[in-house]
Amino acid sequence: MNWKVYILRCADDTLYTGITTDLERRLVEHNNDNKKGARYTRTRRPVHVAYQEQCLNRSDASKRES
């Protein structure tokens, strides 16, 4: 499974960092879904991908996210 670490730029110009295996799906969730999107991004929409990086596994992605 391919993991990605990503950074979103929020509408208020703050940054949010996360990990996922499907960045397109996750971006839709952050922008549209109040149950699956992160609480932080819900009030800071719209969000846009500012950076993404592929990782070999979830452990590596989590370490990069920190």
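## Contacts and basis of the model

A contact here means heavy atoms within 4.5 Å. Among contacts in the protein between residues at least 6 apart in sequence, 49% join residues at least 24 apart.

This is a predicted model, in which local features need pLDDT of at least 70 and side-chain atom pairs count only at pLDDT 80 or more, whereas totals for chains, interfaces and linings use all residues. Residues are numbered from 1 along each chain as its sequence is written, and side-chain values use heavy atoms, with hydrogens and water left out.

## Fold

The protein has 3 helices and 3 strands, these being DSSP runs (helices H or I, at least four residues; strands E, at least two) numbered from the N terminus. From the N terminus on, the order of the elements is β-β-α-α-β-α. The C-alpha atoms fill a box of roughly 30 × 20 × 15 Å, taken along the principal axes.

## Burial and cores

Of the 66 residues, 32% count as buried, meaning under 20% relative accessible area with a 1.4 Å probe and protein chains only.

A nonpolar core is a set of buried Ala, Val, Leu, Ile, Met, Phe, Trp, Tyr and Cys residues joined through side-chain atoms within 4.5 Å. The largest one has 7 residues, namely Tyr6, Leu8, Cys10, Tyr16, Leu23, Ala38 and Val47. Apart from it lies another core of 5 residues, among them Val5, Ile19, Cys55 and Ala61. Not counting residues up to four places away in sequence, Ala38 touches Tyr16, Arg26 and His30.

Methods. Buried means under 20% relative accessible area, exposed over 50%, partly exposed in between (1.4 Å probe, protein chains only).
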